[in-house]
Number of protein chains: 2
Amino acid sequence: MRVHILHDSFKLSRPGGRWEISRAEVAIIGLGLIGGSIGLGLQDFSYAVGGWDIDPSAIDLALQRGAINGRFDSPEEAAEADLIVVATPPEAVVPTLERLAPHLRPETVITDCASVKAEIVGGVRRIAPPILPQFVGGHPMAGLHLSGIGNATWNLFEGAAWVLTPTAETDRQAYSTVSKMVHGLGAKVYLMDPAEHDRHVALLSHVPHLVAAQLMKEAIGLSYPQVSGGSWRDMTRVASSDPGLWTEIVMNNREAIAGVLRRLSTEMDQIATMVEEGDAFNVRRLFEDGREAKRRMGRES
Amino acid sequence: MRVHILHDSFKLSRPGGRWEISRAEVAIIGLGLIGGSIGLGLQDFSYAVGGWDIDPSAIDLALQRGAINGRFDSPEEAAEADLIVVATPPEAVVPTLERLAPHLRPETVITDCASVKAEIVGGVRRIAPPILPQFVGGHPMAGLHLSGIGNATWNLFEGAAWVLTPTAETDRQAYSTVSKMVHGLGAKVYLMDPAEHDRHVALLSHVPHLVAAQLMKEAIGLSYPQVSGGSWRDMTRVASSDPGLWTEIVMNNREAIAGVLRRLSTEMDQIATMVEEGDAFNVRRLFEDGREAKRRMGRES
């Protein structure tokens, strides 16, 4: 008998407090910061969580840290679970789901954690046998300046935004399952169209990472780069992010990012002219508009 | 008898612990966040600190908060002090010193706190009677996303960088006095040429403020601007800064800022092309260079 653990009651009690289920209920593929933190966060709910990673030492560490209760020897073994969470780098999501597809039961629910969505949802749409109805694209927006299972924490998503991008074909029950998991991890669900999501994150996340990297490069020639205040430290904090991961993220959201960068480039040039010409009125208006937008955004979030 | 409190021994004990000096030893002109915090920080050292601000209610609040021990009725009264700290907005520094100059004793030491230095040092050089030898330009790099005496704290400068820009004409004793005050407030002194300072802060502080404001403006049209992660929050924190103050700061450092903005604009455009063309190699190199620069900068500071 299958246990629909996530569908109706979120918590499952176990006789004698011991595991009596021989298969994983939740499977996590990709045991980095995000996958590991999901595993740690789910431990409160007494699921049997199985995990796999392309790096065997990440599986060892995930077991050791208690992020998973059992290991898979291949991603295909994850197909036994009721809920599969793909937390690999973006490039690996669709290939992973292609390997899983032939083994999946139709009632299994799948979600991913990639920071780009249009390409992935498009890729999932093309998988045979079709799995789009049981797939709910997801993007937890937390902790991306760190990486690796070593940095995973049970409360990484507490209070964070977590975008879900169901499509018209998505099964209602599948959406409900993923949404419950997200709430269970303490995050807040935001619903978006996949392309809308990508435009959002291009501006709100991807471009800031590129700008931070470029600002750091500009500072290389300074004689006292350490003479900086809090604004610089904050603005360039994400320059410490994993270059490999962020290159993948950027490569998956090229059109939206290039659009934002070109707009920003034009604006920087216009601001340079304003400053050169001593146009205090418009410089002040820029600062005032920025502050007002910041205040509104703070209130809404 | 004048008391050279700052020159030789930094702490002055007072008989019975009561004030017995009828004049201010330290004068603070401009009682905002910076002036107020300097006043609060100096209280540990038992100086008689007098203060003036163009806004009488700021003087009241500075007295009430204990940032100053007495009030001046005009900036000219500050001339009686051994050390004068001008903590007004940048535009007001040179006009204030022009008013003070006829009343100053030659041994009085003067410093300012403006975030731009070349224009101010140039302006001080032109003041008659000449006060350049007794003036040490300063720039405490802390707390500029807040403003007002209400936000002042005694430890605002603890661990912060504080640039001093003495010139070839600066009196050695004057430099030593200001340097001791900075150390007494817990900050670290960095020596720079005024123009070098301005190039530094254009990149490390002024341009980040303009970029943050512009990024916030870009986000105005989004349907869920609140769906953002820590990178966005950090990167746009300074968009809350005081528009009036920052317009003045920018207007005083126009050439250096415009130069950095134009370079950044060109770079943003080139990065857009890299991203559009799917040039993962160079995107990754950008992230790697940025991370390496961030790591080096972190180690040096």
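Biologist: What share of the interface residues of chain B are also interface residues in chain A?

Modeller: This is a predicted model, and the share in it is 100%, so the copies meet through the same surface.

Biologist: OK, and what rotation superposes chain B on chain A?

Modeller: A rotation of 180°, with 0.0 Å of shift along its axis and an RMSD of 0.0 Å. The two copies are therefore related as by a two-fold rotation axis.

Biologist: Switching to the fold. What's the strand order in the open sheet of chain A?

Modeller: The order is E3-E2-E1-E4-E5-E6-E7-E8, eight strands with mixed pairing. Strand E3 (70-71) and strand E8 (188-191) of chain A sit at the edges, each pairing on one side only.

Biologist: How many bridges join E4 to E5 in chain A, and do they run parallel or antiparallel?

Modeller: Four bridges, and the strands run parallel; E4 covers residues 83-86 and E5 residues 109-112 of chain A. As for bridge partners, A:Val86 has A:Asp112 in E5(A).

Biologist: Which strands does helix H3 of chain A touch?

Modeller: Helix H3 (residues 90-100) packs on the sheet and touches strand E1 (26-29), E4, E5 and strand E6 (135-141) of chain A. The direction of H3 makes about 150° with that of E4(A).

Biologist: New topic: how many disulfides are there over all chains?

Modeller: Zero, from a search of the whole structure.

Biologist: And A:Cys113, buried or exposed?

Modeller: A:Cys113 counts as buried, because its relative accessibility is 10% and the cut-off for buried is under 20%.

Biologist: What about B:Cys113, buried or exposed?

Modeller: B:Cys113 is buried, with a relative accessible area of 10%.

Key:
Residues are numbered from 1 along each chain as its sequence is written. Chains are lettered from A and ligands numbered from 1 in the order in which they are written. This is a predicted model: local features need pLDDT of at least 70, side-chain atom pairs count only at pLDDT 80 or more; totals for chains, interfaces and linings use all residues. Side-chain values use heavy atoms; hydrogens and water are left out. A disulfide is a pair of cysteine sulfur atoms within 2.5 Å. Buried means under 20% relative accessible area, exposed over 50%, partly exposed in between (1.4 Å probe, protein chains only). Copies are superposed by least squares on the C-alpha atoms of residues with pLDDT of at least 70 in both. Contact means heavy atoms within 4.5 Å. Two strands pair if DSSP finds at least two bridges between them. Helices (H or I, at least four residues) and strands (E, at least two) are DSSP runs, numbered from the N terminus. Axes are lines fitted to C-alpha atoms, for helices over the stretch in contact, and angles run from 0 to 180 degrees between N-to-C directions.
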